[in-house]
Amino acid sequence: MTTTLITGANKGLGKETARLLLAHGHTVYIGSRDAERGRAAAEELGARFVQLDVTDDASVAAALESIAADGGLDVLVNNAGIAIRHGLDDAVDGPSVLSVFDTNVVGMVRVIEAALPLLRRSANPVVVNVSSALGSFWATHEPSRPASGFPTIVYGPSKAAVSMLTVQYAKRHPEVKFNAVEPGITATDLGGGGPDSHPGRPASESAKVVARLAEIGTDGPNGTFQEDDGELGW
Ligand code: NDP
């Protein structure tokens with residue numbers, strides 16, 4: 001059994017991934033930038049809570065220090081993410097782009113760098129980065145894929161960066177399993193969920209592929225981009 005930290009786990013996909021891992025007997029930290037929402041989710045699920053805002057270096061450092069003091073970390077699920085949308089497209093201006101990249105990309109690097117010393121002490125070090133088909137060259141050019149018909153100037157490129165971070169971290173730290181995941185279009189606050197938009201499937205369903213990757217263990221793949229039916233082409 002492992003100890004797992006999930007960022008942005010107070011709701012949506014992160015919370016449902018926590019629910020699955022807890023049901024499998026793992027210890028799970030609900031990372032949440034808002035203490036009240038995070039504590040409520042942790043209490044509901046029977047998880048631990050840690051305050052963690054991925055855009056704040058001090059918050060990330062304090063969260064990982066507290067997890068280290070409590071016994072360490074085996075698995076990190078980098079799930080926190082945002083998308084700023086005006087209608088179907090992202091807002092395209094400096095502050096919006098910086099905000100999305102700060103959360104989705106730089107935030108991920110902050111958490112990985114703070115977690116690596118703990119992960120290296122684990123016998124089962126695994127990192128799952130929640131990416132998106134909207135960041136895939138292949139999926140955005142493949143007419144059968146929803147990603148090919150969904151314009152996104154900011155969010156998609158931020159997820160392309162997430163996927164390439166995964167590849168590069170996997171090469172740089174082969175002792176840790178790094179994989180990216182496309183969870184599927186999911187009815188969450190970020191994913192839409194309105195009756196006239198693409199409602200997506202329930203977060204409890206999409207969380208299964210994230211939880212599966214979190215549980216790959218030492219024999220699992222490294223540096224890949226996965227979805228439900230196996231590996232997604234680039
Ligand atoms: P939600 O909006 O439901 O959840 C996003 C989570 O990220 C929330 O807990 C939110 O916290 C948290 N978060 C945002 N900013 C920060 C921050 N600075 N620090 C810490 N936590 C933060 O969306 P999803 O569950 O859909 O998204 C989860 C991941 O899945 C994201 O990375 C998203 O890009 C990805 N994804 C989602 C898809 C979908 O269709 N839904 C498809 C492909 C990928 P708070 O409640 O405080 O805002």
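The legends below describe close-up views of a predicted model.

**View 1. The shell of residues around the ligand.** The shell around the ligand holds 29 residues, of which Arg33, Arg37, Asn79, Tyr155 and Thr188 come nearest. By residue class, the shell divides into ten nonpolar, 13 polar and six charged residues. Helix H1 (12–23) supplies at least two residues of this shell, and helix H6 (155–172) likewise supplies at least two.

View 2. In the side chain of asparagine 10, an N or O atom is 2.8 Å from an oxygen atom of the ligand. Arginine 33 places a polar side-chain atom 2.8 Å from a ligand oxygen. At leucine 190 the backbone is involved: one of its N or O atoms lies 3.4 Å from an oxygen atom of the ligand. On its own the ligand has 900 Å² of accessible area, and the protein covers 94% of this.

View 3. Helix H2 spans residues 35–45, and its buried residues are Gly38, Ala41, Ala42 and Leu45. These four lie on the same side of H2 because they cover an arc of only 100° around the axis. An α-helix has 3.6 residues a turn, so residues three or four places apart point the same way. The cover over the buried residues of H2 includes H1, strand S2 (27–32) and strand S3 (48–51). Glu36, Arg39, Glu43 and Glu44 are exposed, on the face of H2 turned away from its buried side.

View 4. The N-terminal end of H2 is capped by aspartate 34. A side-chain oxygen of aspartate 34 lies 3.1 Å from the backbone nitrogen of glutamate 36. Just after H2 comes glycine 46, with a positive phi of about 80°.

**View 5. Alanine 207 in helix H7.** Helix H7 covers residues 203–214 and contains alanine 207. Alanine 207 counts as buried because its relative accessibility is 0%, under the 20% limit for a buried residue. Apart from its neighbours within four places in sequence, alanine 207 is in contact with Leu13, Glu16, Thr17 and Leu20. Glycine 184 is 23 residues from alanine 207 along the chain, and their C-alpha atoms are separated by 9.2 Å.

**View 6. Histidine 26 in the loop between H1 and S2.** The loop that runs between H1 and S2 includes histidine 26. With 10% relative accessibility, histidine 26 counts as buried. Its side chain forms a polar contact of 3.0 Å with the side chain of threonine 2. Neighbours within four places in sequence aside, histidine 26 is in contact with Met1, Thr2, Leu21 and Glu215.

**View 7. Aspartate 229 in the loop between S9 and S10.** Strand S9 (225–227) and strand S10 (230–231) are separated by a loop in which aspartate 229 lies. Aspartate 229 counts as exposed because its relative accessibility is 78%, over the 50% that marks an exposed residue. Valine 209 is 20 residues from aspartate 229 in sequence, and the two are 9.2 Å apart in space, C-alpha to C-alpha.

Conventions
Residues numbered from 1 in each chain as written. Predicted model: local features only at pLDDT ≥ 70, side-chain atom pairs only at ≥ 80, totals over all residues. Heavy atoms only, no water. Near = heavy atom within 4 Å. Polar contact = N/O pair within 3.5 Å; in protein donor to acceptor, adjacent residues only side chain to side chain. Areas by Shrake-Rupley, 256 points an atom, 1.4 Å probe, with all protein chains shown as cover. Nonpolar A, V, L, I, M, F, W, Y, C, P; charged D, E, K, R; others polar. Buried < 20%, exposed > 50% of the residue type's maximum accessible area, 1.4 Å probe, protein only. Arc of directions from axis to C-beta. Contact = heavy atoms within 4.5 Å.
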